[in-house]
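Here are my notes on this structure, as numbered points. Please read them with the coordinates open.

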Amino acid sequence: MSDTPSILGDTKHTAESITELDRQYVWHPYASFIDAPPIYAVESASGCTLTLTDGRQLLDGMSSWWCTIHGYNHPTLNAAAKQQIDKMSHVMFGGLTHQPAAELAQLLVEITPPNLSKVFFSDSGSVAVEVAMKMAVQYWHSQAQPHKNKLLSLRSGYHGDTIGAMSVCDPVTGMHHLFKDSLTQQHFTEAPIAGFDTPWKAEYIQDFEQQLSSHHHELAAVILEPIVQGAGGMRFYPPEYLRQARKLCDQYKVLLIADEIATGFGRTGKLFACEHADVEPDILCLGKALTGGTMTMAATLCSDKISDGICRGEAGVFMHGPTFMGNPLAAATALASTRLLLSDDWQSNIQRIHRQLSEGLSPCKDYSHVQEVRCLGAIGVVEMQQPVDMAKIQEAFIKQGVWIRPFGKLVYVMPPYVMSDDELKQLTQAMVAVLADESLFQS
Ligand SMILES: *Cc1c(COP(=O)(O)O)cnc(C)c1O
């Protein structure tokens, strides 16, 4: 009897026994079981601090991949989840609805670009992208133009890991050759080459226009991450690029899908990155920070033009319906998280973080092995000239008491918006200290 694990999971484990179990059974993102890198067990998290099972504390610079904008264990989000869990944690969405989903949809329509009026809920960012792609294809089918079924995407883009989403990710970093017989062949344009503040030149959009003019007859939509290309390279590009892209999509009768799964909810200094260019996409994908990092949920919004088209088309309905669609628990926390964000002077707060990151990271500019330091909103990026040795650099950051997970040449942070000035100082000082050591980089 004493050997039976408790139903409530309060069996005592050490950090070592957890990581041992993990190594034996659990896949991690983009990971190998052979030669597995070190892994760290987290016991709890509060504010901007992760507490490891072995007692060490780490300041989180990643917001758990863009999600935990209000920090961990936030009392308001916890209260929303607890209130909802005592009513119902889930109910199917076919033929049923509930207050959290209905209210959340209304709020999202209110705060996103004005043309967007309908909300499709799903369970993860990749699925929100799949939904967006299917909406675009079904729309053109309803317009008696079924040949318009391909996507045009930007190189260095990232849109998720499912097969459809992968087909519009950067072909090189997305390793398209591995999956070439399973992936739809899409069209690609060069990644935007200018930085956020670079003075505009017409040539920056030349290849984009070229691709549209060659392929518009078979294109359902352009898909892009507005202003910030995230996991595909942490690149920032000028708002004028986005304005021009919108204009060209209209001109060539191609829909525009904005993937704001990473940029949404204030991260770039605007509530949604499309606002930098005052652009209205036909379809918008949200995820990550939607629930403040408490739970998995995503949403795909579209304009009346798209929803009317689809609903008047051959199928008469939109052909998608996830099991956990509109999950009440996730919707209730998303509602609380979004209201919490809007209740605060979040713009000044993002500017504060931006100042701290820009100043704090500027010493890295003097390192000969640093390619570029760039900051936008609450995002700070140090691009190295060589890829980092992930295991070594991770350990060095942990010694400094911070959690930062670089990829390739990119060492970057997007802290929770509640991070204090002192904590931001600790975070950037750790980066300045660790990045000074050239032995952490592959040559
Ligand atoms: C993370 C991300 C996705 C995929 O979201 P998941 O929830 O990981 O499936 C899609 N697009 C962008 C821009 C992202 O940053």
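At what angle do the axes of H11 and H13 cross, and within what distance do they come? This is a predicted model, and the points below should be read as such.

1. **The H11/H13 pair.** The two axes come within 9 Å and cross at roughly 30°. Angles under 35 degrees count as roughly parallel, so H11 is roughly parallel to H13. The crossing of H11 and H13 is right-handed. From H11, the contact is made by Arg 352, Ile 353, Gln 356, Leu 357, Gly 360 and Leu 361. H13 contributes Asp 421, Leu 424, Thr 428, Met 431 and Val 432.

2. **Length of H13.** H13 runs over residues 421-435, 15 residues in total. At 1.5 Å a residue it should span 21 Å. The end C-alpha atoms of H13 are 21 Å apart, so the span agrees with expectation.

3. **Surroundings of H13.** Its buried residues are Leu 424, Leu 427, Thr 428, Ala 430, Met 431, Val 432, Val 434 and Leu 435. They pack against H11 and helix H12 (390-399). They also pack against strands E3 (57-60), E14 (379-384), E15 (402-403) and E16 (410-413).

4. **Ile 404.** This residue is found in the loop between E15 and E16. Is Ile 404 buried or exposed? Its relative accessible area is 0%, so Ile 404 is buried. Leaving aside neighbours within four places in sequence, Ile 404 is in contact with Leu 427 and Met 431, among others. Its other contacts include Met 62, Phe 397, Val 411, Tyr 412 and Val 413. Gln 394 is also in contact with Ile 404. The two are 10 residues apart in sequence, with C-alpha atoms 7.0 Å apart.

5. **His 369.** Look in the loop between helix H11 (346-361) and strand E13 (370-376). His 369 has 11% relative accessibility, and therefore counts as buried; the cut-off is under 20%. Leaving aside neighbours within four places in sequence, His 369 is in contact with Met 384, Gln 385, Leu 435, Ala 436, Glu 438 and Phe 441.

6. Which residues of helix H3 (residues 75-85) are buried? They are Leu 77, Ala 80, Ala 81 and Gln 84. These cover an arc of only 95° around the axis, so they sit on the same side of H3. An α-helix has 3.6 residues a turn, so residues three or four places apart point the same way. On the other side of H3, Pro 75, Lys 82 and Gln 83 are exposed. The cover over the buried residues of H3 includes helix H4 (99-111) and helix H10 (328-342).

Conventions
Residues numbered from 1 in each chain as written. Predicted model: local features only at pLDDT ≥ 70, side-chain atom pairs only at ≥ 80, totals over all residues. Heavy atoms only, no water. Helix = DSSP H or I, 4+ residues; strand = E, 2+ residues; numbered from the N terminus. Buried < 20%, exposed > 50% of the residue type's maximum accessible area, 1.4 Å probe, protein only. Contact = heavy atoms within 4.5 Å. Arc of directions from axis to C-beta. Expected span 1.5 Å × (residues − 1). Axes fitted to C-alpha atoms, helices over the stretch in contact; angles between N-to-C directions. Parallel < 35°, antiparallel > 145°, perpendicular 65-115°, else oblique. Left-handed = near helix turned anticlockwise from the far one by under 90°.
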